[in-house]
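Take a look at the model below.

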Amino acid sequence: MSASPPQAGFAFPDVIALYEGLKRQYIPADETVRALIHVHLGLALWLVLALVLRKRLSSMVPLAIAWLVIGTTEIFDISAQWPVKQDWVWQHAASDMAQSLTWPTIIWAIGFWREKPGSSSEDKTFPGFNENDH
């Protein structure tokens, strides 16, 4: 019998097990509450990234990193169920991503549209919010 040498760091299954354990410990099982958590954490992640990176909300960098982080967590969720034998796993992952990224993406799109180069200041205001309307 030969003992295998200890390995440094975590293996991918260990990271997934740690992630799933933390998720089970801190996130309630109720799907309605989980949906609200996805919405708020996705928005909070995007805002914190914008603040930490000192980028405008119209910058693609915080949004791309938020997409990457949330996509990675969903890969972890799918990997914990691997091999996937039921369609609901894929649907659940897609639903989680949509819940997490809808508002950050919508707010980013509005900010991006408002800061579009070459557009006049009148194009960047919404009806009722123009200084000349008052």
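**Rings and helices**

The count comes to 1 aromatic pair. Rings of Phe, Tyr and Trp (its six-membered ring) pair if their centres lie within 6.5 Å; planes under 30 degrees apart are stacked, over 60 edge-to-face, and the rest tilted. Trp108 and Phe112 form a stacked pair, at 5.1 Å centre to centre with 20° between the planes. This is a predicted model: local features need pLDDT of at least 70, side-chain atom pairs count only at pLDDT 80 or more, and totals for chains, interfaces and linings use all residues. Residues are numbered from 1 along each chain as its sequence is written, and side-chain values use heavy atoms, leaving out hydrogens and water.

Why are Trp108 and Phe112 separated by about one helical turn? They are 4 residues apart in helix H4 (residues 87-114). Helices are DSSP runs (H or I, at least four residues), numbered from the N terminus. An α-helix has 3.6 residues a turn, so residues three or four places apart point the same way.

Buried means under 20% relative accessible area, exposed over 50%, and partly exposed in between (1.4 Å probe, protein chains only). Trp108 counts as buried because its relative accessibility is 15%. Phe112, at 47%, counts as partly exposed.

Now turn to helix H3 (residues 60-80). The expected span of a helix is 1.5 Å times one less than its number of residues. With 21 residues, H3 should span 30 Å; its end C-alpha atoms are 30 Å apart, which agrees. Its buried residues include Pro62, Leu63, Ile70 and Phe76.

Notes:
Helices (H or I, at least four residues) and strands (E, at least two) are DSSP runs, numbered from the N terminus.
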